[in-house]
Every structure is written in structure tokens, then in C-alpha cells.
Amino acid sequence: MSTIRTTLVTGGNSGIGEALAKRLVEKGQRVVSVGLEKPDWTHDLLAAYCADLTDIAATRAIAQEICRDHAIDRLVHNAGIILPNLLQDAKPEDILTLAQLHLGAPMLLTQTAMEGMRARRFGRVVFVSSRAAMGAATRSAYSATKAGVHGMARTWALELAASGITVNVVAPGPILTDNFWGIIPKGSEQQERMARNVPVGRLGSREDVAHAIEFFLDERSDFVTGQVLYVCGGTSLVGLGPS
């Protein structure tokens with residue numbers, strides 16, 4: 001029987017985060033969700049908090065509250081937004097917003113949680129990044145901050161390895177979530193064309209990504225740290241082509 005762990009999932013109220021949270025509680029694991037909204041479902045093993053992780057003060061406060069109330073063993077930073085724009089329309093403010101959400105928020109959360117992880121000699125930190133870190137049209141702020149995630153995760157992997165804490169990244173390709181449909185119309189020809197451009201012949205699901213995250217969370221994955229796993233149907237090799 002596996003040890004019961006407590007996993008903090010940012011953006012656990014929808015998309016990939018929701019899929020992961022449901023998988024974990026179904027397996028008897030405790031989950032703490034934090035996002036702009038609480039999940040629309042409940043479970044005895046689920047605790048939910050609301051916070052705007054683009055706000056530094058709010059993030060610091062919620063990190064302290066959560067780690068006061070829960071012994072966080074595993075942290076999955078899944079919360080993210082895209083803010084797409086071609087270069088001529090891009091705004092420096094978008095970089096600052098996404099840098100806080102994709103980099104500053106997990107830094108504050110991990111700093112607060114890692115004291116307990118170190119004391120227990122066990123910890124898992126998993127970032128949900130994006131294949132767009134390799135470059136994608138209209139993604140100046142998004143791809144820049146997601147690429148930064150990879151560098152920060154590798155740095156933390158080196159710093160925390162001796163404490164029994166691993167740090168890894170899951171980088172999804174095109175995944176059918178509300179974020180995706182916020183840019184590509186649901187069921188449109190554009191969506192079908194994008195699916196045809198994926199080497200495996202389909203777009204990804206929330207469960208595809210949640211499954212990969214669970215690998216890094218597993219206690220048996222303690223010899224894997226500082227890695228980036230592309231869950232992208234092969235698009236990290238060939239790109240997506242025109243959408």
C-alpha cells in the first residue's frame with residue numbers, strides 16, 4: 001500500500017490540474033487545490049483555496065496559510081495563462097504578469113513548503129510547462145517564461161537533491177483544455193487541422209498529461225530529477241506547422 005501524501009496542485013479547479021486532482025484522490029491521496037476558483041466538486045481528501053497567483057502578496061499569504069494547515073509533500077505548479085500576441089502587439093507587462101505566475105508563484109510556494117519536505121526527507125516538485133518553450137508564433141511572453149521554468153527547475157533539482165526532493169517538468173503539446181479552446185475554436189476545422197499535424201494523429205487529453213505528472217510524483221521516481229518530459233504527440237520533434 002502506497003504512503004498517503006499531500007499534493008498541492010495550482011490550478012486544480014480545471015483542466016490538467018483538475019484531472020490530476022481527481023486521479024490522486026481516487027487513489028487515496030490528499031490534494032490541496034489553489035486557483036482563482038475552487039473546484040466544482042468535493043471530496044473528503046480535497047481541500048480548496050482561492051488566490052490570484054499573479055499577485056505576489058496574495059501568493060505569499062496563501063502559501064503560508066496552506067503550509068500552516070497542511071504538510072505538503074508534493075507540489076505541482078500547473079496554473080498558467082497564455083496571453084497570445086504577435087510581436088508587434090506584444091506588451092512588456094505581459095512578460096511581468098506571466099513571470100510572476102509561471103516562475104514567482106512556484107518559487108514562493110516551494111520556499112514555504114520545502115522546510116517540511118526537508119524535515120521528512122521527501123519531496124516532489126513538478127512544473128507543467130509547454131512545448132511552446134521551444135518557440136511558437138504569438139507566444140512571446142508565454143514561451144519566454146515557460147523556457148525560464150526549465151532553467152529554474154534544473155537549478156532547484158541540483159540544490160534540493162541532497163534533501164530527498166526531486167524537481168521535474170512536464171511540457172505538454174496541444175491539449176484539449178479551456179486554455180486551448182480559448183484560442184482555437186472548439187470542434188473547428190482549425191482544431192482538426194492541428195490534430196492532423198501532430199505525428200501521433202490526435203490532440204492530447206488532460207489525462208495524458210496527468211499520467212505523466214504522476215510518474216514524477218511517484219516515490220519510486222527518486223532517481224529522476226532535473227528532467228523535462230514532453231507530452232506532445234511528437235510535436236517537440238517536428239513542430240505543429242501552420243494552424
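The model is a predicted one.

Seven strands form an open sheet in the order 3-2-1-4-5-6-7, and their pairing is parallel. Look at the two ends of that order. Strand 3 (46-50) and strand 7 (228-231) are the edge strands, and each has a single partner, so one side of each has no neighbour in the sheet. The sheet also twists. From one strand to the next, the twist averages 15°.

Now move to the pairing of strand 1 with strand 4. Strand 1 covers residues 6-10 and strand 4 covers residues 74-77; the two run parallel and are joined by four bridges. One of these links can be followed residue by residue. Thr 7 has Arg 74 in strand 4 as its bridge partner. Strand 4 is also joined to strand 5. Again the strands run parallel, with four bridges between them. Here Val 76 has Val 126 in strand 5 as its bridge partner.

Next come two helices that pack on this sheet. Helix 3 (residues 92-120) touches strand 1, strand 4, strand 5 (123-128) and strand 6 (165-172). The direction of helix 3 makes about 175° with that of strand 4. How far should helix 3 span? At 1.5 Å a residue, its 29 residues should span 42 Å. The C-alpha atoms at its ends are 41 Å apart, which agrees. Helix 3 does have a kink, of about 40°, centred on Met 114.

Helix 7 (residues 206-217) lies across strand 1, strand 4, strand 5, strand 6 and strand 7. It runs at about 165° to strand 6. The span of helix 7 can be checked in the same way. Its 12 residues should span 16 Å at 1.5 Å a residue, and the end C-alpha atoms are 17 Å apart, which agrees. Which residues of helix 7 are buried? They are Val 209, Ala 210, Ala 212, Ile 213, Glu 214, Phe 216 and Leu 217. Their cover includes helix 1 (15-26), as well as strand 1, strand 4, strand 5, strand 6 and strand 7.

Take Gly 123, which lies in strand 5. Its relative accessibility is 0%, so Gly 123 counts as buried. What does Gly 123 contact, leaving aside neighbours within four places in sequence? Its contacts are Asp 73, Met 117, Gly 164, Ile 165 and Thr 166. The chain also brings together positions that are separated in sequence. Gly 123 and Leu 75 are 48 residues apart along the chain, and their C-alpha atoms are separated by 8.1 Å.

Turn now to the loops. His 70 sits in the loop between helix 2 (56-69) and strand 4. With a relative accessible area of 22%, His 70 is partly exposed. Setting aside neighbours within four places in sequence, His 70 is in contact with Thr 6, Val 32, Ala 47 and Tyr 49. Ser 205 gives another reference point. His 70 and Ser 205 are 135 residues apart in sequence, and their C-alpha atoms are 30 Å apart in space.

Most residues other than glycine have a negative phi. Arg 121 has a positive phi, near 60°. Arg 121 is in the loop between helix 3 and strand 5. Is Arg 121 buried or exposed? It is exposed, with a relative accessible area of 51%. Thr 138 is not a glycine either, yet its phi is positive, about 70°. Thr 138 belongs to the loop between strand 5 and helix 4 (140-160). Its relative accessible area is 26%, so Thr 138 is partly exposed.

Finally, step back to the record. In an unreviewed entry, UniProt lists residues 5-178 for "domain: Ketoreductase". Over residues 5-178, the chain is 44% helix and 20% strand. The end C-alpha atoms of that stretch are 29 Å apart.

Technical notes:
Residues are numbered from 1 along each chain as its sequence is written. This is a predicted model: local features need pLDDT of at least 70, side-chain atom pairs count only at pLDDT 80 or more; totals for chains, interfaces and linings use all residues. Side-chain values use heavy atoms; hydrogens and water are left out. Two strands pair if DSSP finds at least two bridges between them. Axes are lines fitted to C-alpha atoms, for helices over the stretch in contact, and angles run from 0 to 180 degrees between N-to-C directions. Contact means heavy atoms within 4.5 Å. UniProt positions are given in the numbering used here, feature names are shortened, and annotations may be inferred rather than shown by experiment. The expected span of a helix is 1.5 Å times one less than its number of residues. The bend at a residue is the angle between axes fitted to the seven residues ending there and the seven starting there. Buried means under 20% relative accessible area, exposed over 50%, partly exposed in between (1.4 Å probe, protein chains only).
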